[in-house]
Amino acid sequence: MTRQIIHKPQSESDVAEIVRESLGAKTPLAIEGGGTRAGLGRPSQAPATLSTALLTGVTLYEPAEMVISARAGTPVSQIERALGENGQMLPFEPMDHRAVYASAGDPTIGAVAACNISGPRRIQSGAARDHLIGLRFVNGRGEAVKSGGRVMKNVTGLDLVKLVCGSHGTLGVITEVTFKLLPRPRQTATLVIAGLDDERAVACMSAALGSPFEVSGAAHLPQTASQGARTVLRVEHFPDSVAYRMEALEKLLSPFGAPSRLDHEPSLSLWRDLRDVGPLAFPAQRALWRMSVAPTRAPRLMAALRQTLRGDCFYDWGGGLVWFATEAAGDCGAQAIRRAIGATGGHATLVRAPDEMRAALDVFEPLSPALMKLTRGVKTSFDPQGLFNPGRMYAGV
Amino acid sequence: MSQIAFPEPDPRILARRDEIVAGLARLVAPESLITSEDERRAFETDALTAYRRMPLAVVLPRSTEEVSAVLAYLHGQGVKVVARGAGTSLAGGAIPQEDAVVVGVSKLNRILEVNYGDRVARVQAGVTNLGITDAIMADGFFYAPDPSSQLACTIAGNIGMNSGGAHCLKHGVTTNHILGVRMVLIDGTVVDIGGDHLDANGYDLLGVIVGSEGQLGVVTEASVRILRAAEGARPVLFGFDSSEEAGACVADVIGNGIVPVAMEFMDKPAIEITEAFAHAGYPLDVAAMLIIEVEGSPAEMETQLARIVEIARKHGVRTVRESQSALEAALIWKGRKSAFGATGRVADYICMDGTVPTSKLSYVLQRTDEIVKSYGLRVANVFHAGDGNMHPLIMYNVNDPAEQAKAEEAGNDILKLCVEVGGCLTGEHGVGIEKRDLMRFQFTPVDLDQQMRVRAVFDPGWLLNPAKVFPLDQRDAA
Ligand SMILES: Cc1cc2nc3c(=O)[nH]c(=O)nc-3n(C[C@H](O)[C@H](O)[C@H](O)COP(=O)(O)OP(=O)(O)OC[C@H]3O[C@@H](n4cnc5c(N)ncnc54)[C@H](O)[C@@H]3O)c2cc1C
């Protein structure tokens, strides 16, 4: 679809005005940040776009309170630079989708919130939704709404922050976000265990994550034509603790084989690559699925899929997150995947596929009738006219 | 005179009480239905004891199916429902109304499944908070959010209030630890939201259910994350000559990239009251005290402690006392966790719960003191300093209506102050009735209407806990 109109508001009141005008004109809006994740969700069906490109800038940063606020269009890179200067970080390690989508541009912090984007550290520190403590957004009635705030603990009223986080721009135009931060660990190291099959690898990761040594990343890369299987475990802390914990982990995991180690720099690049799903980014024309399951059931899920589908996978989150790339043909494996997930529990998202396929298929796991009813109700309570990102999550919502 | 208003009970419902009770009797076993005045009295208030309302009846179902049948029936009859866990809410969240039926989950108290490989436990909602940790402790695991009331309070209530605790500085609060719930909607529909995997499919309904104060549905089961305990943990007492120094030390520890597991604050009145009760070895010659917990291997604790002591010295720390044994450590925490109870032995109190930016701690403490003094009352402060979650305990005499009014006014002034400095009305106890009429200090009408529209998606007729959270006169707009 060609989009003639692109709105670029410079302030929250601009956003509200554009929304009110669009309401009057009954013109749905596609909401866009940096555009690097345009492929996430069903293709949007809106004639006009509202871009947060000019809604930028850090509005509050208190390193001593571990909190940052920024307007929605602020590039993640700018935030990370500011945090880096103070030895801090976004704890949930948001994935950068540019490798997977071969997209250009700058990912924005607003989209990280809108899509609840997390990375490997999610298992230890929590997701974007766990660190997003405040939001400002404009709802589909053209009203500026605030939820949460800038303090670490806040249970005042319904937690709309959580609802809007991960709503893929379908509930409101986020104008400003506030995140909790953590100190950046002084040192990172990785334990690499070779040659485990999927079941053993998950058992190994469960043992590591069930240990007192605060493993902050646990991934398994099964054997491929060119490389043997590798199970990787990350430890981050002050250097003395890292040394001690690597030693202790190695002892604990000795039944799984003799590990090798990666020190700081190679660890950083390995986990950046896993965060961005580097192992499955190419070939770019393959469909890419993201499945969230209970870790110990993940190998069974993959075993079921391998009976009918060909492709490659790797496990993050100790097995709880399975990335699977398969041929973008037929239904991209949707039927087999939905059936297998039905048996194991959890949910699957078709993260990458050609537009026409994402339009024809359920991108997100279909909901039970009762949950779909609540979902429609929530959508209407924010956006009664269905103005924002129509159909992005579910057809007709 | 009580200051907080309740809506007038609906006379048509009151008139039909016998019929409604008979209807309930057809749905649950006799021992699950409480109707006599004497027995209902146990449910007429929670930990905000200055307010009481006798419920129409109390039902304590034994299964999700029973909860569903009861709600479907009450929904059909247009009867209000107040969900209840252990009734330890400090905000009046579980206080009934005369025309409402209390649906309590205390008989739903089993741990259904513990899975160490996936680090998750599935429990019935009436299980106590500590009950989960007790069941998995021998295997080295625990359930992280630890409200001081954890011996009594239920997971249902923790979900209702999004409760926190001393160790939430590192581990996060309830919402960060709930993976799934089974919940009964007001019309009796049973929904499963989330499960034993991470993160929502679709809208994060779980995120809005946690902290919804019994207004979206009745939770009957939950899947919670369980964590492996550290190798060791050691609380250390830091005594200061002033609250300002202690407050500055807290901010500086965090500013230095150290996030201890817990950082708790007590001022002199709190130390004295608690020490007299718990004999925990707290220093009595200081004006303020921090309990900072470090964890890890012995060497790791040593190193982390050394870093913290160095910072504390810069802020004039007077005494540093390490616990020398597991027994002493337990005593230090027992003291902290019984601080409210100990205060309750000295006087009646109301407990405020505002959160402020940690850089504002000293200022807010000083203003709190001035505010409470200006009403001629006393205050003790014992709270979660690391995340700025203050708990001034305002002491008064519940039998003196004028003093109660003063205590409530002082509390309101303090909460407004918290909002003014960039904080919020409640960090972990919830709004309930207590802070309901202050919501407009933190939110605009538009903010509140958006929240109420979401609430209405789950319960259009507002039968669930209708006297709570939202100002009574703000409701028609939504
Ligand atoms: C001495 C003392 C110390 C405390 N310390 C802390 C503390 O450190 N941190 C903290 O956060 N809180 C603390 N509290 C407050 C209180 O214990 C918590 O709010 C607790 O979570 C309430 O649990 P409960 O089971 O007693 O729930 P209740 O008081 O029975 O209910 C609390 C709320 O949850 C709702 N609810 C109950 N059951 C359900 C259900 N099945 N489905 C849906 N909604 C439901 C109720 O309607 C109500 O709104 C303390 C209280 C006391 C008395």
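This is a predicted model: local features need pLDDT of at least 70, side-chain atom pairs count only at pLDDT 80 or more; totals for chains, interfaces and linings use all residues.
**Entry: other salt bridges within a chain**

I then looked up the pair Arg306(A) and Asp198(A), whose side chains meet in a salt bridge at 3.4 Å, N to O. This pair links distant parts of the chain, since Arg306(A) belongs to helix 11 (residues 298-306) of chain A and Asp198(A) to helix 8 (residues 198-209) of chain A, 108 residues apart. I recorded Arg306(A) as partly exposed, with a relative accessible area of 41%, whereas Asp198(A) is buried, with a relative accessible area of 13%.

In chain B I checked Arg318(B), which forms a salt bridge with Asp285(B), the closest N and O atoms being 3.8 Å apart. Here too distant parts of the chain are linked: Arg318(B) sits in the loop between helix 11 (298-314) and strand 15 (319-322) of chain B, and Asp285(B) in the loop between helix 10 and strand 14 of chain B, 33 residues apart. Arg318(B) is partly exposed at a relative accessible area of 42%, and Asp285(B) counts as partly exposed at 45%. I also found a network in which salt bridges that share partners join Arg122(A), Arg129(A), Asp130(A), Asp199(B) and Asp204(B). Over all chains, the count of salt bridges comes to 55.

**Entry: the interface of chain A and chain B**

How many residues of each chain are in contact with the other? I read off 73 residues of chain A in contact with 82 residues of chain B, and the two chains bury about 6400 Å² between them, 56% of it on carbon and sulfur atoms. In chain A, the residues that lose the most area to chain B are Lys153(A), Val155(A) and Leu158(A), which together account for 14% of what that side buries.

Across this interface I count 8 salt bridges, and one that I looked up by name joins Glu300(B) to Arg245(A) at 2.6 Å, N to O. There are also 31 residue pairs in polar contact across the interface. Helix 14 (residues 369-382) of chain A supplies the largest share of the side of chain A that touches chain B, with 9 residues. By class, that side of chain A has 36 nonpolar, 19 polar and 18 charged residues.

I followed one residue from the other chain, Gln450(B), which is placed in helix 17 (residues 445-458) of chain B. At 0% relative accessibility Gln450(B) counts as buried, and, with residues up to four places away in sequence left out, Gln450(B) touches Phe137(A), Asn139(A), Val145(A), Leu160(A), Ser381(A) and Phe382(A).

**Entry: strands of chain B**

Strand 6 (residues 120-124) of chain B is mostly covered, with 4 of its 5 residues buried. Strand 5 (residues 111-115) of chain B runs antiparallel to strand 6 of chain B and is joined to it by 4 bridges, and among the paired residues Glu113(B) has Arg122(B) as its bridge partner. The hairpin of these two strands has 4 residues between them, and I noted that Arg119(B) takes a positive phi near 55° there. Strand 6 of chain B also pairs with strand 10 (residues 218-225) of chain B, in the antiparallel sense over 5 bridges, where Arg122(B) stands opposite Ser223(B).

I compared this with strand 3 (residues 80-84) of chain B, which is largely enclosed by the rest of the structure because 4 of its 5 residues are buried. Strand 3 of chain B pairs with strand 4 (residues 100-104) of chain B in the parallel sense over 5 bridges, and Arg84(B) stands opposite Gly104(B).

**Entry: helix 10 of chain B**

Which residues of helix 10 (residues 268-278) of chain B are buried? I listed Ala270(B), Ile271(B), Ile273(B), Thr274(B), Glu275(B) and Ala278(B). The elements of chain B that cover these buried residues include strand 13 (262-267), strand 14 (288-295) and helix 12 (326-337). After helix 10 of chain B comes His279(B), whose phi is positive, near 45°.

Terms used
Residues are numbered from 1 along each chain as its sequence is written. Chains are lettered from A and ligands numbered from 1 in the order in which they are written. Side-chain values use heavy atoms; hydrogens and water are left out. Contact means heavy atoms within 4.5 Å. Buried area is the accessible area (1.4 Å probe) that two parts lose on being put together, summed over both. A salt bridge is a side-chain nitrogen of Lys or Arg within 4 Å of a carboxyl oxygen of Asp or Glu. A polar contact is a pair of N or O atoms within 3.5 Å; within protein, one must be able to donate a hydrogen and the other to accept it, and residues adjacent in sequence count only if both atoms are side-chain atoms. Ala, Val, Leu, Ile, Met, Phe, Trp, Tyr, Cys and Pro count as nonpolar, Asp, Glu, Lys and Arg as charged, and the others, Gly among them, as polar. Buried means under 20% relative accessible area, exposed over 50%, partly exposed in between (1.4 Å probe, protein chains only). Two strands pair if DSSP finds at least two bridges between them.
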